[in-house]
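Please look over the sequence and the model before reading on. The paragraphs below go through the structure one topic at a time.

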Amino acid sequence: MAPFVILLLLFSSLIHGHAQIEPKNEAFISLLVTQNGLDFVKGLLVKKAISSIISLRLRDIEKGANFPVVGNVYMSLSNITIYEIDVASSIVKPGEAGVSIVASGVTCNLSMNWYYSYSTWLVPVRISDRGRAEVQVEGMQVGLTLGLENQEGSLKLKLEDCGSYVKDISIKLDGGASWLYQGIVDAFEEEIGSAVENAITKKLKEGISQLDLYLGSLPKEVPVDDHASLNVTFVNNVLLSNSSIGFETNGLFIERNNSVHIPKLCHKKSEFPVSCAYSSKMLGINMDEAVFNSASGLYYDAKFMHWIVDKIPDQSLLNTAGWRFIVPQLYRKYPNHDMNLNISLSSPPVVEISNQKAGANVFADLTIDVLEEHEVIPVACISLVIRASGLVKVNGNNLIGAVKLDDFSMSLKWSTIGNLRMYLVQPVVWTLIETVFLPYANLHLSKGFPLPIIHGFTLQEAEIILSDSRITVCSDVSFSDSNKLLFKFIH
């Protein structure tokens, strides 16, 4: 059986009940970006915006003017390049109109070439000069408002408003007799400020457009293994408050490589269901038990919750000689025969989640098979009800877990070798569960399955909150440049 089947089998038994067919326009995984998370993303975007603006070259500026005595003067500024930019402060604020980002106290340093020429009736020869100039733009403010909406299951980013304002400009010229012409070049102050404002605004619009393309390209399903994917299609409207942004996804497990159904949008006024809405953490992820129900149903219907045990730590228990004093008639009928244990779930596991713990009841059938030459002979079937409890935590971007056995009960379902003394069989089954079933399950549970996190972001110091039928992850995040596509779009 595929390794992930055991993972889902046990993990599902911790976190879900029987899979049901759920309405496709409902959300079962919700994500909440808190104010701290918004500040983190804002800082990331500001940093990338700065790096994209540095080395930005502005359009050349030309101007003609008439001066007393001197006459008509032609002036031009060329090779105007932003080589340094500093942002004193910035804020991000969500609201009903969208998400506003404002950067204040922006200082921008530019370098450029200047040139002028003129001729007068006094001097028949055309006079010209050229040199370099340094320009500092101070007190600049840059702001934009972004709209977010669900468009056919994907996020659509819209630029509602964008602009910049230059408060003050100082110009320092070098070269030739530049000191004589400071007044002439100062005449370019308005044009330089306008060019800076327009260039930065244009660059921001381009960046938002690229980021929108990236968000629109996010996959609608996350592969879990060869058989299953997590449906992360966005449903319902984006949830905006004055300190957070919420997103809702379908969140159910689906068969891999099947076309993802785009849910009919339900334009209802949703409420924030994530328990860490007022936490200092950056991100909250809320998972309804229906997520795990869907995993259980998917694997159960695909008949993956069935396997044959032919190797165990105490291999003597897979020979009828090891059962000689437990089930004597088995040994008498099949002396020294090898055995297999055929385990299958009779129904999907059932779970109960409370504020204190996650507990589960797993219903399984254990069939004892005797191997005789090339024939497999079922001789008895024992019905099991396993009661377990477990621990759920986060490792990287994966939700992982571990289980322990609380108790189990058993009854004889059928037998071809007569009645079994169940009080003698029970210690053997306990040993099999503790030494075979749980270690194997916990090995795969330790790998977990992926949470719906954009590549490049990693959960940090995550906390788990259990509540009625829900698991919530509250976490900080970090970002690396490993996602080259995202890095390109926000650069």
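**Charged pairs, rings and core**

Lys156 has a relative accessibility of 25%, so it counts as partly exposed. Buried means under 20% relative accessible area, exposed means over 50%, and partly exposed lies in between, all found with a 1.4 Å probe on protein chains only. The model is predicted: local features need pLDDT of at least 70, side-chain atom pairs count only at pLDDT 80 or more, and totals for chains, interfaces and linings use all residues. Residues are numbered from 1 along each chain as its sequence is written, and side-chain values use heavy atoms, with hydrogens and water left out.

What does Lys156 pair with in a salt bridge? Its partner is Asp212, with 3.0 Å from N to O. This pair links distant parts of the chain, since Lys156 is in strand β6 (residues 154-165) and Asp212 is in helix α4, 56 residues apart. Helices (H or I, at least four residues) and strands (E, at least two) are DSSP runs, numbered from the N terminus. Asp212 counts as buried because its relative accessibility is 12%.

The structure holds 5 salt bridges, a salt bridge being a side-chain nitrogen of Lys or Arg within 4 Å of a carboxyl oxygen of Asp or Glu. Side chains of opposite charge can pair when their charged atoms come close. Another of these bridges joins Lys63 and Glu191, whose closest N and O atoms are 3.5 Å apart. Lys63 belongs to strand β2 (residues 61-67) and Glu191 to helix α4 (residues 189-216), so this bridge ties together parts that are 128 residues apart in sequence. Lys63 is partly exposed at 26% relative accessibility, and Glu191 is partly exposed at 24%.

Arg387 and Asp407 also form a salt bridge, with 3.8 Å between the closest N and O atoms. Arg387 is in strand β18 (residues 375-395) and Asp407 is in strand β19 (residues 398-415), so the pair ties together parts that are 20 residues apart in sequence. Both ends are partly exposed: Arg387 has a relative accessibility of 28% and Asp407 one of 35%.

Next come the aromatic rings. A search of the whole structure finds 9 aromatic pairs. The rings of Trp114 and Tyr116 have centres 6.0 Å apart and planes at 10°, so this pair is stacked. Rings of Phe, Tyr and Trp (its six-membered ring) pair if their centres lie within 6.5 Å; planes under 30 degrees apart count as stacked, over 60 as edge-to-face and the rest as tilted. Trp114 is buried, with a relative accessible area of 3%, and Tyr116 is buried at 4%. Tyr116 also stacks with Tyr118, at 6.1 Å centre to centre and 15° between the planes. Tyr118 is buried too, with a relative accessible area of 14%. Trp114, Tyr116 and Tyr118 form one aromatic cluster.

Which residues touch the most other members of the largest nonpolar core? Ile192 and Trp323 do, in a core of 129 residues. A nonpolar core is a set of buried Ala, Val, Leu, Ile, Met, Phe, Trp, Tyr and Cys residues joined through side-chain atoms within 4.5 Å. Leaving aside neighbours within four places in sequence, Trp323 is in contact (heavy atoms within 4.5 Å) with residues including Leu317, Met339, Ile368 and Val428.

Thr249 shows how parts of the chain come together. Thr249 is found in strand β11 (residues 245-249) and is buried at 2% relative accessibility. Beyond four places in sequence, its contacts include Glu26, Phe28, Leu31, Val232 and Phe234.

Cys108 counts as buried at 0% relative accessibility, and Cys381 does at 3%. The structure has 0 disulfides, a disulfide being a pair of cysteine sulfur atoms within 2.5 Å.

Last comes confidence. The mean pLDDT (the predictor's confidence in each residue, from 0 to 100) is 83, and 85% of the residues reach 70 or more. Confidence is lowest in helix α1 (residues 3-15), at a mean of 34, and highest in helix α6 (residues 328-333), at 95. The pLDDT is below 50 over residues 1-23, a stretch with 90 contacts in the model beyond near neighbours in sequence. Residues 262-270 also stay under 50, with 24 contacts beyond four places in sequence. Where pLDDT is low, the predicted coordinates should not be read in detail.
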